[in-house]
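Okay, thanks for coming, everyone. Let me put this one up on the screen and we'll talk through the inside of it.

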Amino acid sequence: QLENGVKFIIFNKSNDNKHQNMKHAMKNESKILLKIIKLHCINPNLGNSIDNIFNYSLQHKCINVIQELLKYENFDVNLVDENTGDTFLIKAINIPSVFDLLIKNPKINVDTQNYEKKSALIYAVMKENVNLYEPIINLSKDSDQFIEALKIAIRINIDIKSIIELIKLSVKFDIDYSAPIINGHSIFEEI
């Protein structure tokens with residue numbers, strides 16, 4: 001019964017923010033969802049890769065629901081959106097409080113790439129936010145994504161201090177910066 005109530009909330013596409021009544025209804029739905037999640041008696045992965053409790057909570061900024069989901073041992077923090085390939089971490093790049101919760105989860109895989117071959121690191125570098133890309137680099141095992149992020153940082157002309165920070169963080173990867181990386185030139189020639 002509780003799972004049916006959760007399905008009703010997360011699959012209900014009439015959740016339109018335009019009207020005050022709908023905003024009030026969504027607030028009530030979020031409270032009900034939180035109470036159900038706190039019971040730890042439902043499948044936290046309920047739904048599908050698009051319509052699920054996490055995406056609903058992210059869309060409606062129900063951070064407390066996400067906090068409770070992460071307490072479930074069987075919650076899949078690395079679920080991939082079947083339409084885009086985006087992970088929860090990629091989706092959370094624009095919501096720092098959710099990003100912080102996910103990046104601290106020991107099960108998080110920061111190296112998963114979406115269908116555009118971009119990982120969370122690429123999106124974090126594009127946001128030019130060291131608070132996002134530093135923890136990703138610290139957990140990453142993918143030097144190719146790091147090099148791609150560095151190329152993007154140079155291409156979008158992020159400030160030199162950020163590029164230097166990225167290079168400092170790269171010590172965990174065995175990267176030969178004298179080798180051709182961009183347009184047949186070393187990374188330092190591009191800078």
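So, is F75 buried or exposed? F75 counts as buried, at 4% relative accessibility, where buried means under 20% relative accessible area, exposed over 50% and partly exposed in between, with a 1.4 Å probe and protein chains only. Quick caveats: this is a predicted model, where local features need pLDDT of at least 70 and side-chain atom pairs count only at pLDDT 80 or more, while totals for chains, interfaces and linings use all residues. Numbering runs from 1 along each chain as its sequence is written, and side-chain values use heavy atoms, with hydrogens and water left out.

Okay, rings. The whole structure has three aromatic pairs, meaning Phe, Tyr or Trp rings (six-membered ring for Trp) with centres within 6.5 Å. One of them is F75 with F88, at 5.9 Å centre to centre and 5° between the planes, so that's stacked, since planes under 30 degrees apart count as stacked, over 60 as edge-to-face and the rest as tilted. F88 is buried too, at 2% relative accessibility.

What about cysteines? C62 is buried at 6%, whereas C41 is partly exposed at 46%. The structure holds zero disulfides, a disulfide being a pair of cysteine sulfur atoms within 2.5 Å.
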